[in-house]
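Biologist: I have a chain open here and would like to go through it with you. Can we start with the surface and then move to the strands?

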Amino acid sequence: MSNFNDTTPFEPPFSALDNPRLEFVMEVRLTFPEIHTIVPHPNGGMRTAVLVNGGTFEGPRLKGRAIPGSGGDYAYFRPDDVACFDARYLL
């Protein structure tokens with residue numbers, strides 16, 4: 001295998017479990033005016049929904065906007081103090 005550094009172009013194999021390779025794709029800026037909280041959750045803890053109202057994204061090879069009302073951040077805060085996040089948006 002050739003010498004690897006952070007500027008090495010991507011070529012197969014793209015990544016390995018012991019050597020992950022990351023590349024910046026985009027920065028996302030969203031607005032979240034609404035927060036909904038559901039307590040108590042039947043399994044304990046609580047759920048929240050933070051709905052996206054709009055925003056933008058931009059990277060080296062793409063840019064655009066978030067579609068208002070298209071999704072949000074949904075979290076389940078478990079009783080053992082672990083937070084499970086699920087974030088979905090249409091960009």
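This is a predicted model: local features need pLDDT of at least 70, side-chain atom pairs count only at pLDDT 80 or more; totals for chains, interfaces and linings use all residues.

Biologist: OK, secondary structure. How many helices and strands?

Modeller: There are 0 helices and 7 strands. Read from the N terminus, the order is β-β-β-β-β-β-β.

Biologist: Which strands make up the sheet of 4 strands, and in what order?

Modeller: The order is β2-β3-β6-β7, in an open sheet with antiparallel pairing.

Biologist: Which strands are at the edges there?

Modeller: β2 and β7, the latter covering residues 83-88, stand at the edges. Each has a single partner strand, so one side of each has no neighbour in the sheet. From one strand to the next, the twist averages 15 degrees.

Biologist: Take me across it. How many bridges between β2 and β3?

Modeller: 5 bridges, in the antiparallel sense, between β2 at residues 34-38 and β3 at residues 46-51. Ile-38 faces Arg-47 of β3 in that pairing.

Biologist: Then β3 to β6, how many bridges?

Modeller: 6 bridges, again antiparallel, with β6 spanning residues 72-77. Val-50 has Asp-73 in β6 as its bridge partner.

Biologist: And how many join β6 to β7?

Modeller: β6 and β7 run antiparallel and are joined by 6 bridges. Ala-75 sits opposite Phe-85 of β7.

Biologist: I clicked on Thr-48. Which strand is Thr-48 in?

Modeller: Thr-48 is part of β3.

Biologist: Buried or exposed, that Thr-48?

Modeller: Buried: its relative accessibility is 14%, and the cut-off for buried is under 20%.

Biologist: Which residues is Thr-48 in contact with, leaving aside neighbours within four places in sequence?

Modeller: His-36, Thr-37, Asp-73, Tyr-74, Ala-75 and Phe-77. Asp-73 is also the bridge partner of Val-50, and Ala-75 is the residue opposite Phe-85.

Biologist: On contacts overall, what share join residues at least 24 apart?

Modeller: 39%, counted among contacts between residues at least 6 apart in sequence.

Biologist: Now the sheet of 3 strands. What is the order there?

Modeller: β1-β4-β5, an open sheet with antiparallel pairing. The edges are β1 (27-31) and β5 (63-65); each has a single partner strand, so one side of each lacks a neighbour in the sheet. Ignoring direction, neighbouring strands in this sheet are turned by 5 degrees against each other on average.

Biologist: How many bridges between β4 and β5?

Modeller: 3 bridges, antiparallel, with β4 at residues 54-58. Thr-56 stands across from Arg-65 in β5.

Biologist: Where is Val-25 relative to β1?

Modeller: Val-25 lies in the segment before β1.

Biologist: Charges next. How many salt bridges does the structure hold?

Modeller: 3 salt bridges. One of them joins Arg-29 to Glu-27, with the closest N and O atoms 2.6 Å apart. Arg-29 is exposed at 57% relative accessibility, while Glu-27 is partly exposed at 40%.

Biologist: What about Asp-80, which residue does it form a salt bridge with?

Modeller: Asp-80 pairs with Arg-78, the closest N and O atoms being 2.6 Å apart. Asp-80 is partly exposed at 46% relative accessibility, and Arg-78 is partly exposed at 33%.

Biologist: And Asp-86, which side chain does it meet?

Modeller: The side chain of Arg-88, at 3.0 Å from N to O. Asp-86 counts as partly exposed at 31% relative accessibility, whereas Arg-88 is exposed at 53%.

How values were computed:
Residues are numbered from 1 along each chain as its sequence is written. Side-chain values use heavy atoms; hydrogens and water are left out. Helices (H or I, at least four residues) and strands (E, at least two) are DSSP runs, numbered from the N terminus. Contact means heavy atoms within 4.5 Å. Two strands pair if DSSP finds at least two bridges between them. Axes are lines fitted to C-alpha atoms, for helices over the stretch in contact, and angles run from 0 to 180 degrees between N-to-C directions. A salt bridge is a side-chain nitrogen of Lys or Arg within 4 Å of a carboxyl oxygen of Asp or Glu. Buried means under 20% relative accessible area, exposed over 50%, partly exposed in between (1.4 Å probe, protein chains only).
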